[in-house]
Amino acid sequence: MAARALGEHRLARKEIDALLLTRTEEQLQSIMIEAQAENLSYEIAECHCYLGLLAWTRGEDAVAASGYVAAIAACQAAQDEVLEAETSYWYAYLLAGQGAFDEAQSLLAGVEAMEQVLVVPRMKLRHFDMRFRIAEMAGDWRAAFDHHRIYHELVVEDYRRLASARAYTMKLALDLETMRRKEDSARLERERLLEENLRLAAEQREAVLASRTDPLTGLGNRRELQLRCRDWADTGVTHAALMLCDIDHFKRINDVFSHSIGDIVLARVAGLLGDAGAEGGLAIRMGGEEFLLLLPGTRAADAFAAAERLRLRVQDHDWSEVAPKLEVACSIGLADWSLADSLEAALQVADANLYAAKNAGRNRCMAPAP
């Protein structure tokens, strides 16, 4: 990842690309929002770690320390010791830079207790690299020499696994800084691929969500309606009550208050509708100012009280928060639907009852005749 490369640049006292740092931070913040929305523990931990690293790269040690602590806690929740070790290395270097060598060594000792982590060759290599750096900062030259020797041996061993015989012979002639530059290049490529995979995964999640969700209100769309009805039928649901809801005089709201206010009204009504169907129901935006609430296992006669409550919630909502003198009401038509029959036929009944409610003066509910 670019964040790690930027951190390595600071370690090597190289010039930091400020534009790359800003863009990397923006990408990580975006990934963090998605990860938190879906409760992805590993991605949350990774974002905390690398956001902390970017803060340290800018010299914001307190922000970095907070990020590292959050990352370690998230790693432990995700039970990912490799990422926990990675975070611990950066945190230990920050502490060492502040002169807190005992705390830094304690973190590294915690990593050494993670036997499965140090079995990973590259993690073991990174471990002794960080031990060398911190011992050097502490002025413990004997320990620095011992750790540097082990680190160099691990670099050579890693090379033997991956490189050709000729490249291996040439590699031995290079000094430690040359090896680190090549390792940085490989890390950047791996992190670029990881970032690309995360981007593709995010795009896939967005595409699936977009195919089933109305973008303005967040409610399901007609595709979601088809899929959920199919699920209900598969689980033995035999009937449902339909509540077809239409905002009264919505065109007037758009004309008088603006289309942006109209969009807010749609979103607010969708929220009220979604709350009404939260327990097992399904709220759908059918199009324009028309919504549908399905209550599985319920008859229209039994759903009439719920429809009335919804109508009153819309009527009594504090619309003045949206715009002064704004008033909003809705009309609702109900119908029964047997899942063995056509949904379109039931919708026609609900639509006819909605039309009757409109003709009767609006702001009212109309159920099928008993």
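**Chat about the model**

Reply: Apart from its neighbours within four places in sequence, Thr-57 is in contact with Leu-6, Gly-7, Arg-10, Ile-16 and Leu-21; contact means heavy atoms within 4.5 Å. This is a predicted model, so local features need pLDDT of at least 70 and side-chain atom pairs count only at pLDDT 80 or more, while totals for chains, interfaces and linings use all residues. Residues are numbered from 1 along each chain as its sequence is written, and side-chain values use heavy atoms, with hydrogens and water left out.

Me: Where does Thr-57 lie? And is Thr-57 buried or exposed?

Reply: Thr-57 lies in helix H3. Helices here are DSSP runs of H or I with at least four residues, strands are runs of E with at least two, and both are numbered from the N terminus. Thr-57 counts as buried at 10% relative accessibility. The cut-offs are under 20% relative accessible area for buried, over 50% for exposed and partly exposed in between, using a 1.4 Å probe and protein chains only.

Me: What about H3 and H4, at what angle do they pack?

Reply: About 160 degrees, with the axes of H3 (residues 41–57) and H4 (residues 61–78) 7 Å apart. That makes H3 roughly antiparallel to H4. Angles over 145 degrees get that label, under 35 is roughly parallel, 65 to 115 is roughly perpendicular, and the rest are oblique. The axes are lines fitted to C-alpha atoms, for helices over the stretch in contact, and angles run from 0 to 180 degrees between N-to-C directions.

Me: Which hand is the crossing of H3 and H4?

Reply: H3 passes H4 in a left-handed crossing. Left-handed means the near helix is turned anticlockwise from the far one by less than a right angle; clockwise would be right-handed.

Me: Which residues make the contact between H3 and H4?

Reply: On the H3 side they include Ala-45, Cys-49, Leu-53 and Trp-56, and on the H4 side Val-63, Gly-67, Ala-71 and Cys-75 are among them. By class, the contact of H3 with H4 has 15 nonpolar, 4 polar and 1 charged residues. Ala, Val, Leu, Ile, Met, Phe, Trp, Tyr, Cys and Pro count as nonpolar, Asp, Glu, Lys and Arg as charged, and the others, Gly among them, as polar.

Me: OK, and how do H1 and H5 pack?

Reply: H1 (residues 2–11) and H5 (residues 81–97) pack at about 30 degrees, with their axes 13 Å apart. That makes H1 roughly parallel to H5. Their crossing is left-handed. Arg-4, Gly-7, Glu-8 and Leu-11 of H1 meet Glu-86, Trp-90 and Tyr-93 of H5. The classes there are 3 nonpolar, 1 polar and 3 charged residues.

Me: Switching to strands. In what order do they sit in the sheet?

Reply: It's an open sheet of 5 strands, ordered E2-E3-E1-E4-E5, with mixed pairing. Two strands pair if DSSP finds at least two bridges between them. E2 (282–287) and E5 (365–366) stand at the edges with a single partner strand each, so one side of each has no neighbour in the sheet. Helix H16 (residues 343–359) packs on the sheet and touches E1 (239–247), E2, E3, E4 (330–338) and E5. The direction of H16 makes about 150 degrees with that of E4.

Me: Which residue other than glycine has a positive phi?

Reply: Ser-258 is one of them, with phi near 105 degrees. Ser-258 sits in the loop between H13 and H14 (259–276) and is partly exposed, with a relative accessible area of 28%. His-249 is not a glycine either, and has a positive phi of about 50 degrees. The place of His-249 is the loop between E1 and H13 (250–257), and at 36% relative accessibility it counts as partly exposed.

Me: Last one: what is Asp-129 in contact with?

Reply: Leaving aside its neighbours within four places in sequence, Asp-129 is in contact with Tyr-151 and Arg-180. Asp-129 is found in helix H8 (residues 121–138) and is buried, with a relative accessible area of 5%.
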